[in-house]
Amino acid sequence: MNEFPTVRPRRLRRTAALRRMVTETRLDPAQFVLPVFVVPGRGIRNPIASMPGHYQLSADGIVELARQAADAGVGGLIFFGIPGEKDEIGSPGWDPAGPVPQAIAAVSDAAPDLVRWADVCLCEYTSHGHCGPLKGEVVDNDATLPLLAKVAAVYSDAGADIVAPSDMMDGRVAAIRAGLDETGHQDVALCSYAVKYSSAYYGPFRDAAESAPAFGDRRSYQMDPANAREARREAALDEGEGADMIMVKPAGPYQDIIRDLRGRTELPLAAYQVSGEFSMVEAAAAQGWIDRDRVMLESLTGIVRAGADIVLTYFAIDAALALAKGPR
Ligand code: PBG
Ligand code: ZN
């Protein structure tokens with residue numbers, strides 16, 4: 001009798017060529033979206049201390065970065081704006097001469113093959129850093145909706161392909177969709193940050209976007225990290241209101257949610273590997289504690305394996321370049 005196993009999974013792991021053939025999850029740079037931070041002016045390049053390799057850039061610098069992303073095969077950019085001035089209601093957000101509309105228009109000319117995503121929220125534009133105007137100390141949901149619709153229309157006028165509301169107001173998908181349709185933007189797609197958790201992983205982003213709330217936190221509008229059933233509810237609501245895609249954010253710590261929603265919607269599913277997920281890898285790699293490029297690709301593989309079609313990631317260009325180098 002044969003004492004040895006007859007089934008040997010190791011047979012298919014024997015050579016790099018075999019492993020490459022039977023791999024179940026392939027990353028493609030076309031599925032990556034690079035977040036960028038736009039400031040007014042020219043020739044500006046402010047390093048973001050908590051996000052090594054990332055900068056606040058004026059539109060001319062964004063164009064240069066967009067060309068690099070396009071050359072690496074990255075699928076698109078998502079724009080965040082840091083305005084010169086902020087006010088109580090976030091009105092710089094719908095200024096057609098603001099940094100985001102300018103950068104979108106410039107990238108449309110310079111790198112037309114990139115998909116242009118515009119994050120739609122007011123926290124970068126309000127003096128208090130909350131995601132809409134306040135009533136007392138609370139964001140006024142219904143007063144925020146028409147303002148978001150204005151922001152989305154301005155970004156669409158500038159040439160956005162996809163608007164992505166990240167504010168977590170109830171009813172915003174329907175309000176933004178109606179606003180876009182009324183302003184002639186029937187063909188602009190909407191990706192809802194349907195499932196956005198109130199996460200400590202956003203810390204470095206708030207430095208980058210200068211959008212930390214001046215008081216309190218976002219727990220009365222963003223989701224409790226403990227809740228999974230509520231994610232289904234949020235996703236179903238946004239799909240019903242007309243979202244063309246659904247996003248889960250953060251990505252890595254919420255792979256169970258990505259997997260669950262993948263089985264419940266036929267829409268493309270995006271996941272946002274957020275600033276803290278990125279910065280933790282960079283920090284450990286800088287100490288020499290992990291192999292940065294391998295952890296980068298492994299973290300993205302996990303997110304895609306869970307069911308994400310699209311990944312918003314600060315690694316977009318580096319991951320695309322690493323993939324082009326071939327099997328690890
Ligand atoms: C704004 C917004 C945030 C992020 C994307 N859009 C921050 C927040 O909600 O505080 C976080 C992205 C990241 O951490 O990379 N609503
Ligand atoms: Zn916000």
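Visitor: Is Met168 buried or exposed?

Guide: The idea is to compare relative accessible areas (buried is under 20%, exposed over 50%, partly exposed in between, with a 1.4 Å probe and protein chains only), and Met168 counts as buried because its relative accessibility is 4%. Met168 sits in the loop between strand 8 (162-165) and helix 5 (172-182), where helices (H or I, at least four residues) and strands (E, at least two) are DSSP runs numbered from the N terminus. Its phi is near 70 degrees, a positive value in a residue other than glycine.

Visitor: At which other residue is phi positive, near 50 degrees?

Guide: That residue is Glu210, which is likewise not a glycine, and its place is the loop between helix 6 and helix 7 (229-240). Glu210 counts as partly exposed because its relative accessible area is 42%.

Visitor: How is the model to be read, and what is the mean pLDDT of the chain?

Guide: This is a predicted model, in which local features need pLDDT of at least 70 and side-chain atom pairs count only at pLDDT 80 or more, while totals for chains, interfaces and linings use all residues. Residues are numbered from 1 along each chain as its sequence is written, chains are lettered from A and ligands numbered from 1 in the order in which they are written, and side-chain values use heavy atoms, without hydrogens and water. pLDDT is the predictor's confidence in each residue, from 0 to 100; the chain has a mean of 97, and 99% of its residues reach 70 or more. Confidence is lowest in helix 6 (residues 203-208), with a mean of 93, and highest in strand 12 (residues 310-313), at 99.

Visitor: Which residues are the protein donors of the zinc ion (ligand 2)?

Guide: Donors are N, O and S atoms within 2.8 Å of the metal (3.2 Å for Na, K and Ca), and water is not among the atoms, so sites may look incomplete. Here the protein donors are the SG atoms of Cys121, Cys123 and Cys131, at 2.2 to 2.3 Å from the zinc ion (ligand 2), and along the chain the donors follow the spacing C-x1-C-x7-C. The site has four donor atoms and is tetrahedral, with angles of 97 to 124 degrees (four donors count as tetrahedral if all angles lie between 85 and 135 degrees). Cys121 and Cys123 are both buried.

Visitor: How many cavities does a search of the whole structure find?

Guide: Rolling a probe the size of a water molecule over the atoms shows where empty space is left. A cavity is a set of points, on a 1 Å grid over the protein atoms alone, where a 1.4 Å probe fits but cannot get out, and lining residues have an atom within 4 Å of a point; points are joined across faces, edges and corners, and a volume is the space filled by probe spheres set on them. The search finds two cavities of 30 Å³ or more. The largest cavity has a volume of about 140 Å³, and 19 residues line it, of which Cys123, Lys196, Tyr202, Phe205 and Lys249 are the closest to its centre. Lys249 is also joined to Pro250 by a cis peptide bond, with omega about -10 degrees, and Pro250 is in the loop between strand 10 (245-249) and helix 8 (255-262).

Visitor: Which residues line the second largest cavity?

Guide: The second largest cavity, of about 40 Å³, is lined by Pro35, Val36, Phe37, His54, Tyr55, Leu57 and Leu65. Strand 1 gives the largest share of this lining, three residues.

Terms used: On a 1 Å grid over the protein atoms alone, a cavity is a set of points where a 1.4 Å probe fits but cannot get out, and a pocket is an open set with protein on both sides within 12 Å along at least five of seven lines; lining residues have an atom within 4 Å of a point. Four donors count as tetrahedral if all angles lie between 85 and 135 degrees; four count as square planar and six as octahedral if opposite donors are over 155 degrees apart and all others between 65 and 115; anything else is irregular.
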